[in-house]
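Q: Got a model to go through with you. Can you take my questions as they come?

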Amino acid sequence: SLLGGDAEVEFSYRFADAEERAWMEAAAEAVSEIVEFRSMVATAPPAGAEPERALVQVKAVDALYPLYGAVRLDGGGGLPEALAPEDGLPGMAAHAVLMDRLGLAVGDVLRLGAQDFQVAARLEAEPDGGASSFAFGPPVIVARDALAASGLLAEGTIFDSAYRLRLAEEADLDALRTEA
């Protein structure tokens, strides 16, 4: 659970291509895609007020995340429900440090790139938090598909993509590393 999978394949500034993705799908029982990068979030202030901004570590996840362990949200509940769209906005789980710093409550809106997200849960812990790249800000988790309208994953964007693999018990990690 510290890694989020039995093995991980990482790419910088790009996603796995079709051939790489097919290899991972053939080698693993399940593959989960995670995208991580730093960005700014901005509050939705009342008319005439300036938004507050904060640097965050964005983790965009697919429906299989996490392969091992569990995301812990304040008050319980599951990550899929927290990330599901509500009132026309995709959901976001935001770390308590960020929520306290910006005075946010569940239900408030944060802008990430060109996309608004509704803060749906207070993030307490990620099972793979230690496996993430060095973070300059508190983490937020969003659904990978919800980033499409954000404009944040365009050509030239600095991001890391990671593919966490759940392997069969008999899998040979050394052989997979060599093959990869």
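Q: What should I know about the model itself?
A: It is a predicted model: local features need pLDDT of at least 70, side-chain atom pairs count only at pLDDT 80 or more, and totals for chains, interfaces and linings use all residues. Residues are numbered from 1 along each chain as its sequence is written, and side-chain values use heavy atoms, with hydrogens and water left out.

Q: Which residue does Asp100 meet in a salt bridge?
A: Arg122, at 2.7 Å from N to O. A salt bridge here is a side-chain nitrogen of Lys or Arg within 4 Å of a carboxyl oxygen of Asp or Glu. Arg122 sits in strand β7 and Asp100 in helix α3 (residues 96–102), 22 residues apart. Helices (H or I, at least four residues) and strands (E, at least two) are DSSP runs, numbered from the N terminus.

Q: How many salt bridges does the structure hold?
A: 11. One of them joins Glu33 and Arg144, at 3.2 Å from N to O. Glu33 lies in strand β2 (residues 30–43) and Arg144 in the loop between β8 (139–143) and β9 (160–166), so the pair ties together parts 111 residues apart in sequence.

Q: Is Glu33 buried or exposed?
A: Buried, because its relative accessibility is 12%.

Q: What does Asp128 pair with?
A: Arg164, with the closest N and O atoms 2.5 Å apart. Asp128 is in the loop between β7 and β8 and Arg164 in strand β9, so this pair ties together parts 36 residues apart in sequence. Asp128 counts as buried at 0% relative accessibility, and Arg164 counts as buried at 1%.

Q: Which residues are linked with Asp128 and Arg164 in a network of salt bridges?
A: Glu8, Lys59 and Glu126.

Q: Switching to strands. Which ones pair with β7?
A: Strand β4 (residues 72–73) runs antiparallel to β7, joined by 2 bridges. Strand β5 (residues 91–95) runs parallel to β7, with 5 bridges. Strand β6 (residues 109–112) pairs with β7 in the antiparallel sense over 4 bridges. Pairing needs at least two bridges found by DSSP between two strands.

Q: What about the turn between β6 and β7?
A: The two strands form a hairpin with 2 residues between them. Gly113 in that turn has a positive phi of about 65°.

Q: And Gln118, buried or exposed?
A: Buried, because its relative accessible area is 13%. Gln118 lies in strand β7 (residues 115–125). A polar atom of the Gln118 side chain lies 3.4 Å from the backbone oxygen of Gly107.

Q: Last topic: which residues form the nonpolar patch on the surface?
A: Met40, Leu55 and Phe136, with about 290 Å² of accessible area together. Patches take residues with over 30% relative accessible area and no salt bridge: like charges are joined within 9 Å, nonpolar side chains (Val, Leu, Ile, Met, Phe, Trp, Tyr) within 5 Å. Areas come from the Shrake-Rupley method with a 1.4 Å probe; for residues, only the protein chains shown count as cover. Leu55 lies in strand β3 (residues 53–61) and counts as partly exposed at 33% relative accessibility.

Key
Buried means under 20% relative accessible area, exposed over 50%, partly exposed in between (1.4 Å probe, protein chains only). A polar contact is a pair of N or O atoms within 3.5 Å; within protein, one must be able to donate a hydrogen and the other to accept it, and residues adjacent in sequence count only if both atoms are side-chain atoms.
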